[in-house]
Amino acid sequence: MNFTRTEIPEVIICEPEIHGDHRGYFMESFRKDRFEAFTGEKLNFCQDNESRSSRGVLRGLHYQLPPHAQAKLVRVIEGRVLDVSLDIRKGSPTFGKWVAVELSGENKKQLFIPRGFAHGFVVLSETAVFTYKTDAYYHPESERGIRFNDPALGIDWQLPESRLKLSAKDQDQPPFAEAEYFEFKTERNA
């Protein structure tokens with residue numbers, strides 16, 4: 001597995017080695033030892049989630065507050081999505097910045113999103129099957145969100161807003177300026 005840091009270094013693209021032949025392909029979608037050696041993160045994934053969505057479905061931007069905050073390893077099994085991670089760690093050098101990566105069943109890229117980030121994705125293909133691992137269980141009382149189209153963030157979802165399909169909950173999220181943030185921890189103040 002190859003790892004690449006994005007413009008926000010804590011958000012990491014994970015690319016598996018794919019072994020293919022006339023029968024199909026094989027890949028390791030996750031290896032804890034290699035992941036931890038690269039990132040220095042100690043994770044114990046405890047929940048896997050999967051969704052199927054049609055073109056224009058936008059899910060996000062979501063996160064859970066501590067002590068139920070979640071790190072995620074996300075990927076697409078079928079189709080294409082634009083996956084967005086937003087830094088909500090107050091005091092971080094990249095606070096309020098976001099990074100977007102196209103994930104697809106073809107490129108097999110995965111994205112690691114650490115705690116302290118809001119996450120969302122939009123489906124760019126006719127349909128997409130999206131799956132992810134979390135290191136904390138879903139906790140509805142800790143769930144929060146940020147408005148997907150907040151002009152202060154300027155996220156380019158690559159589809160016109162008129163073609164986006166959102167849940168009622170995602171249409172009614174607060175803007176970034178009113179969100180509940182994480183505190184950025186450095187080695188000095190951790």
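The largest cavity holds about 70 Å³ of space. A cavity here is a set of points, on a 1 Å grid over the protein atoms alone, where a 1.4 Å probe fits but cannot get out; grid points are joined across faces, edges and corners, and the volume is the space filled by probe spheres set on the points. This is a predicted model, so to speak of local features takes a pLDDT of at least 70, side-chain atom pairs count only at pLDDT 80 or more, and totals for chains, interfaces and linings use all residues. Residues are numbered from 1 along each chain as its sequence is written, and side-chain values use heavy atoms, with hydrogens and water left out.

Who lines the hole? Lining residues have an atom within 4 Å of a point, and among them are H62, Y63, Q64, F117 and H119. Strand β6 gives the largest share, three residues (strands are DSSP runs of E, at least two residues, and helices runs of H or I, at least four, numbered from the N terminus).

Now for the sheet: six strands form an open one in the order β1-β2-β11-β7-β13-β5, with antiparallel pairing (two strands pair if DSSP finds at least two bridges between them). β1 (2-5) and β5 (47-54) sit at the edges with a single partner strand each, so one side of each has no neighbour in the sheet. Eight bridges tie β5 to the antiparallel β13 (residues 127-134), and R52 stands opposite V129 in β13.

Key
On a 1 Å grid over the protein atoms alone, a cavity is a set of points where a 1.4 Å probe fits but cannot get out, and a pocket is an open set with protein on both sides within 12 Å along at least five of seven lines; lining residues have an atom within 4 Å of a point.
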